[in-house]
Amino acid sequence: MSEPVQTPQTFPTRIFSGIQPSGGLTLGNYLGALKRFVEKQDEGIETIYCLVDMHAITVWQDPIKLRQQTREAACGFIAAGIDPARSILFNQSQVTAHAELGWIFNCIARMGWMSRMTQFKDKAGKNSENVSLGLFAYPSLMAADIMAYKATHVPVGEDQKQHLELCRDIAMKFNNDYGVNFFPIVEPVIEGAATRVMSLRDGTSKMSKSDPSDQSRINLTDDADTIAKKIRKAKTDMDPLPDHVEGLKDRPEAKNLVNIYAALAGHTPAQVIKDYAGAQFGTFKPALADLAVAKLSPITTEMSRLMQDPAEIDRILGEGAARADAIARPILNDVYDIIGMIRSRQV
Ligand code: TYM
């Protein structure tokens, strides 16, 4: 008798991504992630978006601020175009499958893999003896976030690429160790002109919500005046814009502003350079400021309107969490079966 043919399990396209509510949302989060979350939703793909509050506490957070920032980020998502009826939007701690699978993945991931994570090295710096164990384990929780839904595609900025490679390694090792084809091997989706938005004060470091200088970033809560001022004051060199994108090489600040313009306008950097070849920053910066205000102000205004009703935001997050849990729980139950846990409790 011949062996039954094993048909490889195929995984339906499902998008998952997350943002830490560890501060306000920045232009980097918006262009590198959020704007693209909306595009994926609007393409009609199944989309699950998460405010990863469990990741945020890998560094101490003031409880009152954390709650506030989580609601504010949820408002940012909705104001930017995430429709909670079409996408699942929730905060991570309301779906316990993340933490449960995170532990299992801690037992799959190898110390050597985790030690190579450059973001941990950057964040811990010389202080690695004093940072939390959670900060070290964080990429394995991130893998659990994604695999709890068997998500196949993850839109992120460039800085998350290595974490997604780790997610692939963990999924492959799980499948191998248990002889299953259970978890998909996720595809990073790192697209567009602004996969790495840089600081407005230093074109060689990433725009980040944790940068001590508020001038280094544009926050989604900044008003029109502040946005325009920050762009006008952004660090640049003295030369006019080149007539070809290659001319931006070794000009990190100029390149950053061109990329931001391109991402906001929905153009390629080459198109922007074509329109502004030879322009001085005295011309380009006001044009960029106008564009940024035109694109971001409606989001800012809608965000502050939504923030007036925190109970409604909490309701949306709760409803999203229930929908997320309905997907993740059966997957977790299968994982427990695969790894040999008894589950005899009557519910
Ligand atoms: P976080 O909160 O640091 O950033 C959220 C998203 O924004 C992108 N991003 C940027 N993109 C371009 N330029 C920038 N300057 C910039 N800054 C941030 C990030 O790449 C990210 O896509 N570990 C993640 C959160 C996370 C997650 C997940 C993401 C937890 N679980 C599962 C995807 C899937 C993080 O700390 O992102």
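**A walk through the predicted model**

Good morning. I begin at the ligand, where a polar side-chain atom of Gln160 lies 3.1 Å from a ligand nitrogen atom. Please keep in mind throughout that this is a predicted model.

The side chain of Gln20 places an N or O atom 2.9 Å from an oxygen atom of the ligand. In the case of Gly28, a polar backbone atom is 3.2 Å from a ligand nitrogen. Which residues come nearest to the ligand? Among the 27 residues around the ligand, they are Tyr138, Asp145, Gly157, Asp159 and Val197.

I come next to the cysteines. How many disulfides does the count give? The count is 0. For Cys50, the nearest cysteine sulfur belongs to Cys167 and is 14 Å away, whereas the cut-off for a disulfide is 2.5 Å; Cys50 is therefore in no disulfide. Cys107 is likewise in no disulfide, and its nearest cysteine sulfur, again that of Cys167, is 16 Å away. Is Cys50 buried or exposed? Cys50 is buried, with a relative accessible area of 0%. Cys107, at 44% relative accessibility, counts as partly exposed.

The next residue is Ser199. Where is Ser199 placed? Ser199 sits in the loop between strand 5, residues 187–189, and helix 9, residues 224–233. Although it is a loop residue, Ser199 has a relative accessible area of 3%, so it counts as buried. Its side chain reaches the backbone nitrogen of Asp202 at 3.1 Å. Leaving aside residues up to four places away in sequence, Ser199 touches Ser205, Lys206, Met207, Asp211, Ser216 and Asn256.

Two points of backbone geometry deserve a mention. Most residues other than glycine have a negative phi. Lys150, however, has a positive phi, near 50°. Lys150 is found in the loop between helix 7, residues 133–147, and strand 4, residues 153–155. Asp250 also has a positive phi, in this case near 65°. Its place is the loop between helix 9 and helix 10, the latter spanning residues 252–265. What of their surroundings? Lys150 counts as buried because its relative accessibility is 14%, under the 20% limit. Asp250, by contrast, is at 69%, over the 50% limit, and so counts as exposed.

I close with a pair of residues from separate parts of the sequence. Asn333 lies in helix 13, which spans residues 310–339. At 25% relative accessibility, Asn333 counts as partly exposed. How far apart are Asn333 and Ala97, in sequence and in space? They are 236 residues apart in sequence, and their C-alpha atoms are 9.6 Å apart in space.

Thank you for your attention.

Definitions and conventions. Residues are numbered from 1 along each chain as its sequence is written. This is a predicted model: local features need pLDDT of at least 70, side-chain atom pairs count only at pLDDT 80 or more; totals for chains, interfaces and linings use all residues. Side-chain values use heavy atoms; hydrogens and water are left out. Helices (H or I, at least four residues) and strands (E, at least two) are DSSP runs, numbered from the N terminus. Buried means under 20% relative accessible area, exposed over 50%, partly exposed in between (1.4 Å probe, protein chains only). A polar contact is a pair of N or O atoms within 3.5 Å; within protein, one must be able to donate a hydrogen and the other to accept it, and residues adjacent in sequence count only if both atoms are side-chain atoms. Contact means heavy atoms within 4.5 Å. A residue is near a molecule or strand if one of its heavy atoms lies within 4 Å of it.
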